[in-house]
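Open the model in your viewer and have a selection tool ready. The stops below say what to select and what to look for.

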Amino acid sequence: MILSTDVWAAALIRRAELSGGFGVVARKGDARAGAVLVKAVNLSDKTVRLYAEATRGDGERIWMRPTMATEEPEVDAYIARAARIDPDIWVVEVEDKQGRHFLTEPVEEG
């Protein structure tokens, strides 16, 4: 069963908060089926990583980095471009001293 985007985003934020991080919905899109970008901010070194949901050729749902930028202005510019293309997109920002993203699904870093 696939959760609606608003429920999924709330669960991610709750997971972050239970683990000592902080999360917020920075941009709301379609509550039922909007795509999601997760912006993970490392509070220790001030770097940022962006994650987007994708589907592998075998149908498995994963998270990947759509840009390798680690500076916040570059990541924010990517998000702005993505929002112009898809007005239903969500952005969930999580902050953590260790830079964790709190995603439970498979994540491909490279």
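Start by selecting Val38. Leaving aside its neighbours within four places in sequence, Val38 is in contact (heavy atoms within 4.5 Å) with Trp8, Leu12, Arg49, Leu50, Tyr51, Trp63, Val92, Val94, His101 and Leu103.

Before moving on, some ground rules. This is a predicted model, in which local features need pLDDT of at least 70 and side-chain atom pairs count only at pLDDT 80 or more, while totals for chains, interfaces and linings use all residues. Residues are numbered from 1 along each chain as its sequence is written, and side-chain values use heavy atoms, with hydrogens and water left out.

**The cores**

Which residues touch the most other members of the largest nonpolar core? They are Trp8 and Val38, in a core of 15 residues. A nonpolar core here is a set of buried Ala, Val, Leu, Ile, Met, Phe, Trp, Tyr and Cys residues joined through side-chain atoms within 4.5 Å. Buried means under 20% relative accessible area, exposed over 50%, and partly exposed in between (1.4 Å probe, protein chains only). Helix H1 (5–18), S2 and S5 each supply at least two residues of this core. H1 gives the most, with five residues. Helices (H or I, at least four residues) and strands (E, at least two) are DSSP runs, numbered from the N terminus.

Now select Leu50, Val75, Ala83 and Val91. They are among the 12 residues of a second, separate core.

**The sheet**

Switch to cartoon view. Six strands make an open sheet with mixed pairing, in the order S1-S5-S2-S3-S4-S6. Two strands pair if DSSP finds at least two bridges between them. S1 (22–27) and S6 (107–108) are the edge strands, each pairing on one side only.

Zoom in on S2 (residues 36–42) and S3 (residues 48–55). Their pairing is antiparallel, over five bridges. Pick Ala40: its bridge partner in S3 is Arg49.

Step across to S4 (residues 61–64). S3 and S4 pair in the antiparallel sense over four bridges. Pick Ala54, whose bridge partner in S4 is Ile62. This hairpin also has five residues between its strands, and Gly59 takes a positive phi near 95° there.

Most residues other than glycine have a negative phi. Select Lys46, in the loop between S2 and S3. Its phi is positive, near 65°. At 59% relative accessibility, Lys46 counts as exposed.

Finish at Phe102, in the loop between S5 and S6. Phe102 is not a glycine, yet has a positive phi of about 65°. Is Phe102 buried or exposed? Phe102 is buried, with a relative accessible area of 9%.
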